[in-house]
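This report describes a protein together with its ligand. The sequence and structure are shown first.

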Amino acid sequence: MKTTTQVCVIGGGVVGCSVLYHLTKLGWSDVMLIERSDLTSGSTWHAAGGFHTLNGDTNMAALQGYTIGLYRELERITGMSCGLHHVGGITLADTPERFDMLKAERAKHRYMGLDTEILSPSEIRAMAELVNIEGIIGGLYDPLDGHLDPYGTTHAYAKAARMAGAEVETHCMVRELNPRPDGSWEVVTDKGTIHAEHVVNAAGLWAREVGAMAGVYLPLLPMAHQYIVTDDIPEIMNRSTEFPHIMDPGGESYLRQEGRGLCIGFYEQPCEPWAVDGTPWSFGHELLNDAFEKIEDSIAFAYRRFPVLETAGVKSVIHGPFTFAPDGNPLVGPVPGLRNYWSACAVMAGFSQGGGVGLTLAQWMIEGQPERNAFALDVARYGKWTTPGYTVPKVIENYRSRFSVSFPNEEKPAARPFRTTPMYDIWQGMNAVFGQQYGLEVVNYFALPGDPTYETPSFRRSNAWEATRREVLGVRERVGINEVHNFGKFSVTGSGARTWLDRIMAGRIPQPGRLSLTPMLEPSGRLIGDFTVSCLDDETFQLTASYGSQDYHLRWFRMNLDPGDDVRVENISDRRTGFQIAGPQARELLARVTRADVGAEAFRFMDVRRMTVGMADTIVQRVSYTGDLGYEIFTDPISQRHLWHVLSQAGADLGLQPFGMRAMMSLRLDKGFGSWLREFSPDYTPGETGLDRFIAWKKNADFIGRAAAVAERDAGPKRRLCTFVVDALDADVVAYEPIWLDGAVAGFCTSGGYSHWAGKSVAIGFLPVGRIAEGLEVEIEILGEMRPATLYTRPLFDADGTRMRG
Ligand SMILES: Cc1cc2nc3c(=O)[nH]c(=O)nc-3n(C[C@H](O)[C@H](O)[C@H](O)COP(=O)(O)OP(=O)(O)OC[C@H]3O[C@@H](n4cnc5c(N)ncnc54)[C@H](O)[C@@H]3O)c2cc1C
């Protein structure tokens with residue numbers, strides 16, 4: 001075994017082997033994998049081996065598509081068989097909501113280039129005659145679905161990696177990980193110590209333990225999962241082709257042919273977490289005892305859907321554990337707070353996702369960033385607030401809802417309320433309906449008197465409609481108030497702060513007392529943040545951005561801090577909170593609660609001041625995401641309730657209207673303002689999104705991404721964001737709906753919703769630059785319906801900015 005290496009991958013399951021292969025594929029050959037037993041000894045050996053592309057997250061779906069395409073490549077390189085069965089799969093819909101979801105997925109697949117198809121019940125029956133179609137409304141057919149041999153595939157990855165120079169050491173356990181001052185690692189194993197520049201945690205069932213070796217908690221939990229293989233079934237034996245995969249979400253089951261019988265697995269409601277307090281090192285190539293009692297109801301349901309099962313004998317039962325993160329997506333990427341320690345774990349569908357995870361991680365390690373937006377699987381989407389106490393109920397909820405319809409407005413209840421601001425009970429007393437962002441309770445809207453305090457999950461307009469309308473009008477006609485707790489906030493201080501910010505941010509860094517908006521770019525020129533920078537004095541700045549991306553952004557800041565920079569960057573997201581007030585009476589309200597001069601001349605649009613508001617020390621910024629006259633007032637959490645009392649009393653006769661995120665999202669649409677991870681994400685560039693207008697082309701700083709941004713500016717982007725008014729029925733655009741032009745898909749939506757102010761359904765989306773013109777007529781496919789839409793270029797509210805800037 002070698003004792004020095006560029007990368008030491010820990011774990012020889014399908015994920016570790018895929019990472020190893022992709023490192024070699026992208027050009028690193030001084031890499032090794034350490035496996036404590038034989039390859040596949042964790043979850044991998046007992047997997048059912050099914051694969052599919054369907055995933056609610058578009059980038060995850062694309063990575064799953066990549067994974068499936070990879071198997072032929074592995075077979076070609078190694079001459080080994082992955083045991084591929086590309087039999088196609090059908091996902092059934094037995095409720096209108098589920099059918100809506102499948103139609104929305106189908107629509108997305110059009111611009112992703114995936115050839116899925118909506119089937120009628122009789123078409124389902126024609127393809128899969130063993131399905132009882134009673135109660136079935138339709139289905140989605142994916143020709144790429146299939147299954148493979150988990151053992152053969154994992155070995156094929158390992159062989160392909162070895163052929164390119166990688167070393168694989170089995171029966172060697174990693175016992176300790178010790179960081180060295182230069183950022184590299186001492187990997188202490190049974191067979192000696194390895195000095196590795198990078199380590200990758202691909203330890204699957206033991207990923208928590210390998211995380212703890214480096215002092216980090218990775219939020220994942222193993223769940224016990226069971227599938228049954230039947231004896232031979234005559235109806236299967238008589239078929240001339242292999243039976244397709246059937247996903248029956250109503251019965252929480254997946255079914256496929258296995259040999260001459262069938263294999264069926266369940267995501268049952270009475271599910272069982274496994275090894276909650278840690279996976280024993282003694283666990284190995286073994287299965288858990290059969291537990292039929294937890295799948296009794298699921299089996300009874302399956303007998304009705306697949307009557308042939310009732311008379312089939314059981315050949316074997318496979319019951320084993322595999323790991324999930326709280327949202328069911330993998331945990332991939334550089335682990336925040338550590339140097340050269342990479343995560344490739346919580347991969348719950350190794351044979352759908354393992355290839356994509358390997359590719360993403362290898363690109364991150366070798367090229368500095370993955371090629372597409374990887375936020376949905378980025379380990380940094382969970383922060384230090386994530387504890388086992390949170391992970392356990394969330395994973396159970398996720399497992400149980402694996403086959404549930406996921407609605408765009410759905411707020412799942414497990415592990416809530418967890419993190420709250422001092423305003424929580426006050427809002428609750430006002431009928432607030434909350435959502436959760438990054439563990440934090442956030443008001444979505446205030447229910448109308450007599451209405452339930454929950455929002456009905458739906459693809460169509462929900463019961464929050466009237467309440468949201470009331471809040472929007474309260475802002476536009478009087479003055480509204482909501483919290484600013486759900487911004488990510490950073491303090492940047494020191495004599496080197498301005499120089500550092502000029503390098504990190506592409507935009508102008510403001511002078512004392514002023515704010516600026518700026519994109520943050522990675523070297524390839526793609527967007528990795530959109531920030532408001534406030535300059536309090538020449539050495540004191542406050543940055544605000546997305547709350548959910550605070551660890552993602554902090555990780556980037558730390559990676560780009562040199563020891564010589566005299567600058568201190570702190571995440572103060574939860575230490576600075578407060579309110580936003582917005583609307584035509586916002587100035588009047590602020591003037592009533594401070595002695596500072598907040599007149600239009602003294603306190604201009606994009607100004608920032610320290611002020612005493614009531615008795616509280618605050619930082620007030622004259623800017624508002626509502627696009628209205630507005631102010632963000634930041635204070636510390638201890639003073640927040642005081643600030644509320646002062647503002648609410650002073651605003652009572654002005655008709656102060658508390659508002660939530662639903663109203664905020666409607667208000668920002670009036671102005672066509674983009675939103676992080678919707679319009680602005682690492683999938684897009686400044687030129688494509690219009691954020692190029694905030695780039696300080698003339699500033700005397702070589703900001704990160706400059707060369708790429710200049711190249712884009714000179715060449716011009718190929719596509720650009722536009723806004724549309726949609727002739728919608730009862731459903732508005734959410735995201736990723738295709739935009740049709742002249743009978744073909746020409747673009748896709750990034751977000752949309754209803755502008756209550758304008759009384760119009762609005763969409764934002766990409767079209768090729770050459771096609772963009774005021775008044776252009778397009779069609780947007782919403783839940784399978786083609787809806788006419790018209791492109792417009794002037795904001796629906798305050799088009800010339802008089803109200804916002806006045
Ligand atoms: C019953 C069942 C059915 C399933 N069906 C499917 C399916 O149809 N399709 C699908 O895509 N997925 C399926 N899965 C999930 C799939 O098995 C997992 O997604 C996949 O195996 C995860 O692989 P991994 O490499 O991340 O982890 P593991 O397979 O757990 O691999 C981790 C490896 O790390 C090694 N290791 C850990 N710690 C150390 C250490 N300190 N030193 C050295 N080595 C170490 C372990 O020995 C192990 O081999 C199923 C799972 C179960 C339980």
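How many nonpolar, polar and charged residues does the shell around the ligand have?

## Basis of the model

This is a predicted model, in which local features need pLDDT of at least 70, side-chain atom pairs count only at pLDDT 80 or more, and totals for chains, interfaces and linings use all residues. Residues are numbered from 1 along each chain as its sequence is written, and side-chain values use heavy atoms, with hydrogens and water left out.

## The ligand and its shell

The shell has 22 nonpolar, 15 polar and two charged residues. In this classification Ala, Val, Leu, Ile, Met, Phe, Trp, Tyr, Cys and Pro count as nonpolar, Asp, Glu, Lys and Arg as charged, and the others, Gly among them, as polar. Altogether 39 residues surround the ligand, the closest being Glu35, Thr44, Val347, Gly350 and Phe351; a residue is included if one of its heavy atoms lies within 4 Å of the ligand.

For methionine 348, a polar backbone atom is 3.5 Å from a ligand oxygen atom. The protein covers 97% of the 1000 Å² of accessible area that the ligand has on its own (Shrake-Rupley method, 1.4 Å probe).

## Valine 15 in helix H1

Valine 15 is located in helix H1; helices are DSSP runs of H or I with at least four residues, numbered from the N terminus. This valine is buried, with a relative accessible area of 10%, where buried means under 20% (1.4 Å probe, protein chains only). Beyond its neighbours within four places in sequence, valine 15 is in contact (heavy atoms within 4.5 Å) with Ala344, Val347 and Val357.

A nonpolar core is a set of buried Ala, Val, Leu, Ile, Met, Phe, Trp, Tyr and Cys residues joined through side-chain atoms within 4.5 Å. The largest has 49 residues, and Cys8, Leu177, Val187, Val199, Leu331 and Tyr341 have the most contacts inside it. Helix H17 (residues 661-670) gives the largest share of this core, four residues. Apart from it lies another core, of 45 residues, including Leu148 and Met365.

In H17, eight of the 10 residues are buried, among them Met661, Leu667 and Arg668. Just after H17, glycine 672 takes a positive phi of about 70 degrees.

Terms used: Buried < 20%, exposed > 50% of the residue type's maximum accessible area, 1.4 Å probe, protein only. Helix = DSSP H or I, 4+ residues; strand = E, 2+ residues; numbered from the N terminus. Polar contact = N/O pair within 3.5 Å; in protein donor to acceptor, adjacent residues only side chain to side chain.
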